[in-house]
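Please open the model in a viewer and keep the selection panel at hand. The stops below are meant to be followed in order.

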There are 2 protein chains.
Amino acid sequence: MKVFSVVGITESGKTTTIENIIKELRKRKYSVGSVKEIHFEQFAIDTEGSNTYRHKEAGSQLVTARGYYETDILFQERLSMDEILKFYNHDFVILEGVTDANVPKIITAHNEKEILERLDDMVFAISGKLSNTLEEFEGLPVINAMDNAERLVDLIEEKVFDKLSVKSKVKLQIDGKDIDMVPFVQNILFNAVLGVVKELEGYEKGKEIVVRIL
Amino acid sequence: MKVFSVVGITESGKTTTIENIIKELRKRKYSVGSVKEIHFEQFAIDTEGSNTYRHKEAGSQLVTARGYYETDILFQERLSMDEILKFYNHDFVILEGVTDANVPKIITAHNEKEILERLDDMVFAISGKLSNTLEEFEGLPVINAMDNAERLVDLIEEKVFDKLSVKSKVKLQIDGKDIDMVPFVQNILFNAVLGVVKELEGYEKGKEIVVRIL
């Protein structure tokens, strides 16, 4: 699973850039997920008076709305990016406006000052409003996602690394027989087990974990 | 985790009954989650034009909205109740209008005909509009949740069984040492592992599973 972030101030072109990246990634047959950070304190997806809202107001601590074509799990807290990413198993996950994830980044900006405020080693491209007027900034390519999504996604394919590929060393046996898993499935199982076990007393990073289900 | 459902036609008092049950369960210090089944084909929690909506329209297959005080995971499919319940680890989970879960049930109704249409062995109480006029129906207590939530919740405590308590036999070792887990945590680990493993070729129900993380 390859994760990257698009950061920049309001109206700098984040969502438009992301829309074009998603379309191009899907065109290349990748599976894609995304996370939108909402920098607006009053944000609530549910509307007052709905039945799910009434559940929550009465004291339900986790409310799910299941419709014919969607299922919405409404956590009443700001989950960490690691917790959120456990729900994903896509080829690419794009984070919009997320700053607490240590992943490769694209900056969208109106001007050079905005770039400099966000520039660090993880930035591999610049996009957004500024890309109409500039082609390069301190060695970084400046690419307009609206008319050159192909080039931006070429760069994403090249620069964005697999977030989990290093840490996962998982083995599985069923009825005494070794079961082969592709890295993708290994990662899911690794995250599923570690998500629980690391909360337990006795857990220590780097020690072997064995789970046995009879 | 104890799971039960409240079923009945529109306006029979489902949400009001559930609100009162949730309040009483929380008063008794239980943790409570809930799921609302939405029988309305056009239901969509997200609004046209929002950034998350734009992600989805561009092709993002799983969109999360993270605000200051909530995190909403928006699956673009109707998940099964088993899949949904994996997100829960509460003492009680109440399902509103859900009919595809084999759990104890309360029927809310306007009249006896509506009860009979939904009556089966899993029903342990009747509530809703009808509870103003009736006290018992075919040996089942008819209880008004608005003025007698205590009695209804006494019955819930007595009748609703632990959905997972039987199937979970999980052992955990870290660095060669046995780690004790309360049943609640065992269930989480059991579900986490089985959720992944049962999708793999080689899985067979009832066979021992061993996961080893180095």
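This is a predicted model: local features need pLDDT of at least 70, side-chain atom pairs count only at pLDDT 80 or more; totals for chains, interfaces and linings use all residues.

**Stop 1**

Select Ser50(A), Asn51(A), Lys36(B), Ile38(B) and Phe43(B), the lining residues closest to the centre of the second largest pocket. The space in this pocket comes to about 730 Å³, and 38 residues line it. Colour the lining by residue class: eleven residues are nonpolar, 17 are polar and ten are charged.

**Stop 2: positive phi in chain A**

Most residues other than glycine have a negative phi. Go to Glu11(A), in the loop between strand S1 (2–7) and helix H1 (14–27) of chain A. Glu11(A) is not a glycine, yet its phi is positive, about 65 degrees. Its relative accessibility is 60%, so Glu11(A) counts as exposed, the cut-off being over 50%.

Next select Lys29(A), in the loop between H1 and strand S2 (32–37) of chain A. Lys29(A) is exposed, because its relative accessibility is 74%.

**Stop 3: aromatic pairs**

How many aromatic pairs does the structure hold over all chains? There are nine. Begin with Phe75(A) and Phe87(A), whose ring centres lie 5.8 Å apart; their planes are at 40 degrees, so the pair is tilted. Phe75(A) sits in strand S4 (residues 71–75) of chain A, and Phe87(A), twelve residues apart from it, in the loop between helix H3 (81–85) and strand S5 (92–96) of chain A. Both residues are buried.

Move to chain B and select Tyr30(B) and Phe92(B), an edge-to-face pair with 4.9 Å from centre to centre and 85 degrees between the planes. This pair links distant parts of the chain: Tyr30(B) is in the loop between H1 and S2 of chain B, and Phe92(B) is in strand S5 (residues 92–96) of chain B, 62 residues apart. Are these two residues buried or exposed? Tyr30(B) counts as partly exposed at 24% relative accessibility, whereas Phe92(B) is buried, with a relative accessible area of 2%.

**Last stop: a ring cluster**

Finally, show Phe75(A), Phe87(A), Phe75(B) and Phe87(B) together; ring pairs link these residues into a cluster.

Definitions and conventions:
Residues are numbered from 1 along each chain as its sequence is written. Chains are lettered from A and ligands numbered from 1 in the order in which they are written. Side-chain values use heavy atoms; hydrogens and water are left out. On a 1 Å grid over the protein atoms alone, a cavity is a set of points where a 1.4 Å probe fits but cannot get out, and a pocket is an open set with protein on both sides within 12 Å along at least five of seven lines; lining residues have an atom within 4 Å of a point. Grid points are joined across faces, edges and corners, and a volume is the space filled by probe spheres set on the points. Ala, Val, Leu, Ile, Met, Phe, Trp, Tyr, Cys and Pro count as nonpolar, Asp, Glu, Lys and Arg as charged, and the others, Gly among them, as polar. Helices (H or I, at least four residues) and strands (E, at least two) are DSSP runs, numbered from the N terminus. Buried means under 20% relative accessible area, exposed over 50%, partly exposed in between (1.4 Å probe, protein chains only). Rings of Phe, Tyr and Trp (its six-membered ring) pair if their centres lie within 6.5 Å; planes under 30 degrees apart count as stacked, over 60 as edge-to-face and the rest as tilted.
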